[in-house]
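Reader: I've got a new model open and want to talk it through with someone. Can you take my questions one at a time?

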Amino acid sequence: MLVGRGVDALVLAPSNDQSPELADFLTRIRTPIVLLDRELPNLAADKLLVDHAPGIRGALESLLASGRTRIG
């Protein structure tokens, strides 16, 4: 629908980045694409990738420092 309305670009964070239908659709449209924290093979798209490790490490260190021991 958005492509049909002539949007300038799409910013996507697909929940299923292994979907062949999604990959096929995105390779056929002529709209620029930015992927958020995803990589789709064979797709010419810009991507914004996030390194989650430092944030997770900081959260765990904070929980441990506050005496938490049962962390799931």
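**Talking through the model**

Author: Happy to, and keep in mind that this is a predicted model. A place to begin is Leu64, which lies in helix H2, residues 53-65.

Reader: Is Leu64 buried or exposed?
Author: Anything over 50% relative accessible area counts as exposed here. Leu64 comes out at 53%, so the label is exposed.

Reader: What is the accessible area of the nonpolar surface patch that includes Leu64?
Author: Leu64 sits in that patch along with Ile56, Leu60, Leu63 and Ile71. Taken together, these five residues have an accessible area of about 420 Å².

Reader: Let's move to the sheet. In what order do the three strands run?
Author: The sheet is open, and the pairing is parallel. Its edge strands are E1 (10-12) and E3 (46-48), each of which pairs on one side only. From one strand to the next the twist averages 20°. The order is therefore E1-E2-E3.

Reader: Which residue in E3 is the bridge partner of Leu35?
Author: Strand E2 covers residues 33-36 and pairs with E3 in the parallel sense, over three bridges. The bridge partner of Leu35 in E3 is Lys47.

Reader: On to charges. How many salt bridges are there?
Author: Side chains of opposite charge can pair when their charged atoms come close. The rule used here asks for a side-chain nitrogen of Lys or Arg within 4 Å of a carboxyl oxygen of Asp or Glu. Arg28 and Asp24 meet in a salt bridge, at 3.2 Å from N to O. By that rule the count is one.

Reader: Why are Arg28 and Asp24 separated by about one helical turn?
Author: Helix H1 spans residues 20-28, and both residues are in it. They are about one turn apart because their spacing in that helix is four residues.

Reader: How far apart in space are Asp24 and Asn42?
Author: Asp24 is found in helix H1. Along the sequence, Asp24 and Asn42 are 18 residues apart. In space, C-alpha to C-alpha, the separation is 9.7 Å.

Reader: Now the loop between H1 and E2. Is Thr31 there buried or exposed?
Author: Thr31 lies in that loop. The cut-off for buried is under 20% relative accessible area. With 13%, Thr31 is therefore buried.

Reader: Which residues is Thr31 in contact with, leaving aside neighbours within four places in sequence?
Author: Contact here means heavy atoms within 4.5 Å. With those neighbours left aside, the partners of Thr31 are Val3, Val7, Asp8, Ala9 and Leu10.

Reader: And Arg30, how far in space is it from Val3?
Author: Arg30 also has its place in the loop between H1 and E2. With a relative accessible area of 83%, Arg30 is exposed. Arg30 and Val3 are 27 residues apart in sequence, and their C-alpha to C-alpha distance in space is 8.6 Å.

Note on methods. Residues numbered from 1 in each chain as written. Predicted model: local features only at pLDDT ≥ 70, side-chain atom pairs only at ≥ 80, totals over all residues. Heavy atoms only, no water. Pairing = 2+ DSSP bridges. Helix = DSSP H or I, 4+ residues; strand = E, 2+ residues; numbered from the N terminus. Axes fitted to C-alpha atoms, helices over the stretch in contact; angles between N-to-C directions. Buried < 20%, exposed > 50% of the residue type's maximum accessible area, 1.4 Å probe, protein only. Patch = residues over 30% accessible without salt bridge, like charges linked within 9 Å, V, L, I, M, F, W, Y side chains within 5 Å. Areas by Shrake-Rupley, 256 points an atom, 1.4 Å probe, with all protein chains shown as cover.
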